[in-house]
Amino acid sequence: MTEQVKKLYRSAKNRVLGGVCGGLGDYLNVDPVLLRVLWAVFFFFGGMGLLAYIIAWIIMPEEPADQ
């Protein structure tokens, strides 16, 4: 019995800017729009949203083409 291991990737299909929220949404089974709204709230009220998004964009690998 093989168990499929979930991996975190930037989404190639569900992207607005870099695919970070789309990939997180796929990984967490959450609507990416909700994650985009939360990220915007962190950006405007916390100031760290943009920096966190850029870091996630850099360290998250792109989704492979065969998925």
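What pattern does the protein follow when you read along the sequence? The answer is α-α-α. This is a predicted model, and it has three helices and zero strands.

**The overall picture**

- The helices are α1 (20–28), α2 (32–46) and α3 (49–59).
- If you follow the C-alpha trace along its principal axes, the protein spans about 45 × 20 × 20 Å.

**How α1 sits against α2**

- Two packed helices are described by the angle between their axes and the distance between the axes.
- For α1 and α2, that angle is about 125°, and the axes are 8 Å apart.
- α1 and α2 are therefore oblique to each other, and their crossing is right-handed.
- On the α1 side, the residues making the contact are Val20, Cys21, Gly22, Leu24 and Gly25. Their partners in α2 are Pro32, Leu35, Arg36 and Trp39.
- Sorted by class, this contact of α1 with α2 has six nonpolar residues, two polar ones and one charged one.

**How α2 sits against α3**

- Now for the next pair: α2 and α3 pack at an angle of about 130°, and here the axes are 7 Å apart.
- This pair, α2 and α3, is therefore oblique too.
- α2 brings Trp39, Phe42 and Phe43 to this contact, where they meet Gly49, Leu50, Ala52, Tyr53 and Ala56 of α3.
- The class count for α2 with α3 is seven nonpolar residues, one polar residue and no charged ones.
- Keep an eye on Trp39 of α2: it takes part in the contact with α1 and also in the one with α3.

**The second largest pocket**

- Rolling a probe the size of a water molecule over the atoms shows where empty space is left.
- In the second largest pocket, that space comes to about 210 Å³.
- How many residues line the second largest pocket? There are 15, and those nearest its centre are Leu17, Cys21, Arg36, Trp39 and Tyr53.
- α1, α2 and α3 each supply at least two residues of this lining.
- Which helix gives the most to the lining? That's α2, with four residues.
- By class, the lining has nine nonpolar, four polar and two charged residues.

Key. Residues are numbered from 1 along each chain as its sequence is written. This is a predicted model: local features need pLDDT of at least 70, side-chain atom pairs count only at pLDDT 80 or more; totals for chains, interfaces and linings use all residues. Side-chain values use heavy atoms; hydrogens and water are left out. On a 1 Å grid over the protein atoms alone, a cavity is a set of points where a 1.4 Å probe fits but cannot get out, and a pocket is an open set with protein on both sides within 12 Å along at least five of seven lines; lining residues have an atom within 4 Å of a point. Grid points are joined across faces, edges and corners, and a volume is the space filled by probe spheres set on the points. Ala, Val, Leu, Ile, Met, Phe, Trp, Tyr, Cys and Pro count as nonpolar, Asp, Glu, Lys and Arg as charged, and the others, Gly among them, as polar. Axes are lines fitted to C-alpha atoms, for helices over the stretch in contact, and angles run from 0 to 180 degrees between N-to-C directions. Angles under 35 degrees count as roughly parallel, over 145 as roughly antiparallel, 65 to 115 as roughly perpendicular and the rest as oblique. A crossing is left-handed if the near helix is turned anticlockwise from the far one by less than a right angle, and right-handed if clockwise. Contact means heavy atoms within 4.5 Å.
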